[in-house]
Amino acid sequence: MDKYTGIIGFGSIAKIHSRIMYENNNPINFVFTRSKSRIQKIKKFFKKEFSYVPEIVNDCNIFFSKKICSLVISSPPSTHFNYLLKAFDRKIPVFCEKPLFWEKNTSFKELEKKINIIESHKNKN
């Protein structure tokens with residue numbers, strides 16, 4: 001059985017995660033970026049670094065319709081919570097590169113609420 005890995009967001013940290021995943025025989029198969037204009041740059045990076053190009057989409061629903069077995073979230077912190085829940089709803093294990101509290105202007109009460117939702121999610125992984 002093939003294990004397909006997805007990554008959300010593709011800035012400088014995502015490049016590091018992509019290298020680590022590739023070196024551990026778990027290459028990125030799917031990339032989600034909200035910026036349509038970044039798709040060509042992402043393709044060039046993968047072609048140059050790894051000699052392959054993953055499927056890259058700029059539609060979240062299309063991305064989450066893929067057969068993803070593990071997910072790296074490298075998007076801006078303000079997006080992490082929603083992507084975590086989408087992944088958990090689909091029973092996808094997640095590595096999230098920044099903690100939720102990294103989001104600017106998040107109150108302790110808001111953070112506690114998000115953590116409780118994550119903790120109580122039946123598919124968290």
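R19 is partly exposed, with a relative accessible area of 29%, where partly exposed covers the range between buried, under 20% relative accessible area, and exposed, over 50%, as judged with a 1.4 Å probe and protein chains only. This is a predicted model, in which local features need pLDDT of at least 70 and side-chain atom pairs count only at pLDDT 80 or more, while totals for chains, interfaces and linings use all residues. Residues are numbered from 1 along each chain as its sequence is written, and side-chain values use heavy atoms, with hydrogens and water left out.

R19 forms a salt bridge with E49, and their closest N and O atoms are 3.4 Å apart; the term stands for a side-chain nitrogen of Lys or Arg within 4 Å of a carboxyl oxygen of Asp or Glu. Because R19 lies in helix α1 (residues 12-23) and E49 in helix α2 (residues 39-50), the pair ties together parts that are 30 residues apart in sequence. Helices (H or I, at least four residues) and strands (E, at least two) are DSSP runs, numbered from the N terminus. E49 is itself partly exposed, at a relative accessible area of 34%.

## The salt bridge between K66 and E55

The structure holds 2 salt bridges, and one of them joins K66 to E55, with the closest N and O atoms 2.6 Å apart. This pair links distant parts of the chain, since K66 sits in the loop between α3 (60-64) and β4 (70-73) and E55 in strand β3 (residues 55-57), 11 residues apart. K66 is partly exposed, having a relative accessible area of 24%, and E55 also counts as partly exposed, at 35% relative accessibility.

I13, I16 and I20 make a nonpolar surface patch of about 240 Å². Patches are made of residues with over 30% relative accessible area and no salt bridge, like charges being joined within 9 Å and nonpolar side chains (Val, Leu, Ile, Met, Phe, Trp, Tyr) within 5 Å; accessible areas come from the Shrake-Rupley method with a 1.4 Å probe, and for residues only the protein chains shown count as cover. I20 is found in helix α1 and, at 41% relative accessibility, counts as partly exposed.

## T5, a buried residue

T5 lies in strand β1 (residues 5-8) and counts as buried, at 1% relative accessibility. The side chain of T5 makes a polar contact with that of N26 at 2.7 Å.

Conventions: Polar contact = N/O pair within 3.5 Å; in protein donor to acceptor, adjacent residues only side chain to side chain.
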